[in-house]
Amino acid sequence: KPVPHAAREAWAADAGALPRTPLQGVPYRPGAAAAPILKRPLSARRFAVLPHRRYTEPRNQPSTWSTQMPLQRPFFLRQLPGIVFLLVALLLNGCGGGRQVTPPPPSDELGIVVALIGEQPVYEVQWDQARRYAEATLRLLGEPNATIDEQRVFESFIEDMFIVQEASAQGFFVDKEAVELEEQRLLSVAGKTEADLDEVLAEVGLSRSAWEAELSRAVTAGAYLDEVVLADVPPAQRAAKRAAWLQDKKESLPVRLFFRPPAAIGVRVGDRAADIELPDLQGRVLRLSDMRGKAVLVNFWATWCLPCRDEMPLLQATYEKHNSQGLEILGVNVGEDRDTVQKFVAEFGLTFPVVLDRDQKVARRYRVYGIPQTFFITREGVIDFVVTGVLRASLLEERLQELLVSAKLDS
């Protein structure tokens, strides 16, 4: 039960231990002077902190040394928003709002249907052509190593297809001269020539006719918006008018999506895991991308980290149990030399791959500030879950089940 502040001061005063200025997070002990406890004992921590980071209590968590604990709402009130959301979802589903639309069958030549605009299907081949067009444009503008955000490109592609279909229904078209002028303008902005364009198209695998078709689509969509939809709209109001027009049109011509592009590369849950390319203890370079198709645990650790030592037997036992079922473990040692790591590996009898991140570049890229830290990665290379601190056997087994079943079904 929380001790009221006034009562706590009186209790300490009776014992002769009342400090002049109350210290936050300091327990009052009868008969002894109050002293601040700066950090937990080393053996009590669940994770270690890399030398360049100071130990702090996790955010939004009450201090374990404080005598004052925050009050919490009753369980029912905490669950009330979720209950209301569930009831609304069930009501909408019962009223027909949750009716699912199955995609049309795929075409042998055009692939699967990625979207429906009204009753008009948009095929996988069309999307692939639009994606290559976006990549070619990015390279043409002088960013050869940049990568496109496929989710945004897909949304823009479907929106352009919607606008072009509406323009075609209204009898609006652009001539070939307008498309050629746009191509020349693009080359002028990029400072490139026709030969440079042909070279870029060959790199991304896009034909010249496909390039012109995609450029024509983009020009048509932009011209229809500027010359018809937003012709008399002031510049400051164009964004709102465009959004309102699209929303109004989509009510009469619904757009249904049956495809989600792969996630962007990153280090957060839901991202495609950034590639890791590091040497192992024998000097061979191992890559995370070479493990695609398997469920992977990427574990960041160090020999001086006591919590890391505590979880190593569990990782080794898990590897021996599930490796034949499609599990791979990649141990990433942070900042230590080969001889030190080799002794540690021999001491614990580790048989899963271990690589050396001597300069900590990979740890910084993955935003690893406390170790051990473990990333659960699906067979598609997407980060599914992240654990900072010592892995518990129950949590590890629970999280692995879904990854391993998925890997087994698709192998």
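In this predicted model, Y224, L225, D226 and V229 of helix α7 meet R238, K241, R242 and W245 of helix α8, where contact means heavy atoms within 4.5 Å. By class, the residues of this contact comprise 4 nonpolar, no polar and 4 charged. Here Ala, Val, Leu, Ile, Met, Phe, Trp, Tyr, Cys and Pro count as nonpolar, Asp, Glu, Lys and Arg as charged, and the others, Gly among them, as polar. Two packed helices are described by the angle between their axes and the distance between the axes. For α7 (residues 208-229) and α8 (residues 238-252), the axes come within 12 Å and cross at roughly 105°. The two helices α7 and α8 are therefore roughly perpendicular to each other. Angles of 65 to 115 degrees count as roughly perpendicular, those under 35 degrees as roughly parallel, those over 145 as roughly antiparallel and the rest as oblique. Axes are lines fitted to C-alpha atoms, for helices over the stretch in contact, and angles run from 0 to 180 degrees between N-to-C directions.

Residues are numbered from 1 along each chain as its sequence is written. Because the model is predicted, local features need pLDDT of at least 70 and side-chain atom pairs count only at pLDDT 80 or more, while totals for chains, interfaces and linings use all residues; side-chain values use heavy atoms, with hydrogens and water left out.

**Helix α4 and its surroundings**

Helices (H or I, at least four residues) and strands (E, at least two) are DSSP runs, numbered from the N terminus. Helix α4 (residues 150-169) has 20 residues and reaches 28 Å from its first C-alpha to its last, close to the 28 Å expected at 1.5 Å a residue. That expected span is 1.5 Å times one less than the number of residues. The buried residues of α4 include V153, F154, F157, I158, M161, F162 and I163, and also the charged E150, D160 and E166. Buried means under 20% relative accessible area, exposed over 50%, and partly exposed in between (1.4 Å probe, protein chains only).

The buried residues of α4 pack against β2 (113-117), β3 (120-123), α3 (124-140), α7, α8 and β4 (255-257). E166, a residue of α4, is buried with a relative accessible area of 10%. Leaving aside its neighbours within four places in sequence, E166 is in contact with Y224, W245 and K249. Just after α4, G171 takes a positive phi of about 75°.

**The three-stranded sheet**

An open sheet of 3 strands has the order β3-β2-β4, and its pairing is antiparallel. Strands β3 and β4 stand at the edges with a single partner strand each, so one side of each is left without a neighbour in the sheet. From one strand to the next, the twist averages 20°. Two strands pair if DSSP finds at least two bridges between them; β2 and β3 are joined by 4 bridges. Within this pair, L116 stands opposite P121 in β3. Helix α3 packs on the sheet and touches β2 and β3, its direction making about 55° with that of β3.

**The five-stranded sheet**

A second open sheet is formed by 5 strands in the order β11-β10-β9-β13-β14, with mixed pairing. Its edge strands are β11 (354-357) and β14 (383-388), each of which pairs on one side only. Neighbouring strands are turned by 20° against each other on average, direction ignored. The pairings are listed below.

| Strand pair | Sense | Bridges |
|---|---|---|
| β10 and β11 | parallel | 4 bridges |
| β9 and β10 | parallel | 7 bridges |
| β9 and β13 | antiparallel | 5 bridges |
| β13 and β14 | antiparallel | 5 bridges |

Particular residues illustrate these pairings. V332 has V355 in β11 as its bridge partner, and L297 has I329 in β10. F300 stands opposite Q373 in β13, while T374 stands opposite V387 in β14.

In β9, 7 of the 7 residues are buried, so this strand is largely enclosed by the rest of the structure. One side of β9 carries A295, L297, N299 and W301, and the other V296, V298 and F300. Strand β13 (residues 373-377) is mostly covered, with 5 of its 5 residues buried. Q373, F375 and I377 point one way from β13, and T374 and F376 the other way. β13 and β14 form a hairpin with 5 residues between them, and G381 in the turn has a positive phi of about 90°.

Helix α10 (residues 338-348) packs on this sheet, touching β9 (295-301), β10 and β11, and its direction makes about 150° with that of β11.
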